[in-house]
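Me: I would like to learn how to read a few local features in a model. Please take them one at a time.

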Amino acid sequence: MLVASGCAGTTASDPSQVPKAALESAGPWADDFRAALADDVSPFEARILADGTVSTEELEAAHERVGRCLADSGFGIDYDPDGGFELSSLDDRYPDDFFERSDPVLRACERESDEYVTYLFAETRRNPDRLDDATITVPCLRDAGLVGSDYSEERWRADYDAGSFPFDDTTEAAVQCRLDPLGLWRTP
């Protein structure tokens, strides 16, 4: 059972109540914040997104709420600081239908607290100026010695689309370039 927050604030059903200037503080991400608010997010999430930023504390609050929601149904969640998460069973039983049972619960918990918070936190931290991914990733790969100077942005796009790179994309240097190509937040 999900419990809705009763706190007052910006409502998800009326993003027009969010001052335009607040979302403009999101810079090139303003349209994404605006679209998230227009997508009928919960009041809890709307309050987080309304100022056009997601702080570490707000991210942690969203993750905590998702965790509590999942625990009510017997599931646990462990968030990776580099992104992603792992679901677990609080009773340590993993029947064959674990995913089929846990996925709808996870989706419901995220609808209440974190449909966009994690995504916008990660993307605005990784690429605050919303530069083209190839433009920021290829120099990182070159600097890391993973590709030569002849490796182009067009080649990276093709390799990315194919899911196949001419380097081991599981090395620490490759992971660094994928997660934090501008070197803004992650310490390898």
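Me: Which backbone oxygen does the side chain of Thr-124 reach at 2.6 Å?

Reply: A polar contact is a pair of N or O atoms within 3.5 Å; within protein, one must be able to donate a hydrogen and the other to accept it, and residues adjacent in sequence count only if both atoms are side-chain atoms. Here the side chain of Thr-124 reaches the backbone oxygen of Leu-120 at 2.6 Å, and that of Phe-121 at 3.3 Å. This is a predicted model, where local features need pLDDT of at least 70, side-chain atom pairs count only at pLDDT 80 or more, and totals for chains, interfaces and linings use all residues. Residues are numbered from 1 along each chain as its sequence is written, and side-chain values use heavy atoms, with hydrogens and water left out.

Me: Where is Thr-124 placed, and which residues beyond four places in sequence is Thr-124 in contact with?

Reply: Thr-124 lies in helix α6 (helices are DSSP runs of H or I, at least four residues, and strands of E, at least two, numbered from the N terminus). Contact means heavy atoms within 4.5 Å; setting aside neighbours within four places, Thr-124 is in contact with Trp-29 and Phe-33.

Me: What is phi of Asp-40, and is Asp-40 buried or exposed?

Reply: Buried means under 20% relative accessible area, exposed over 50%, and partly exposed in between (1.4 Å probe, protein chains only). Phi of Asp-40 is near 55°, a positive value in a residue other than glycine. Asp-40 sits in the loop between α2 and α3 and is exposed, at 56% relative accessible area.
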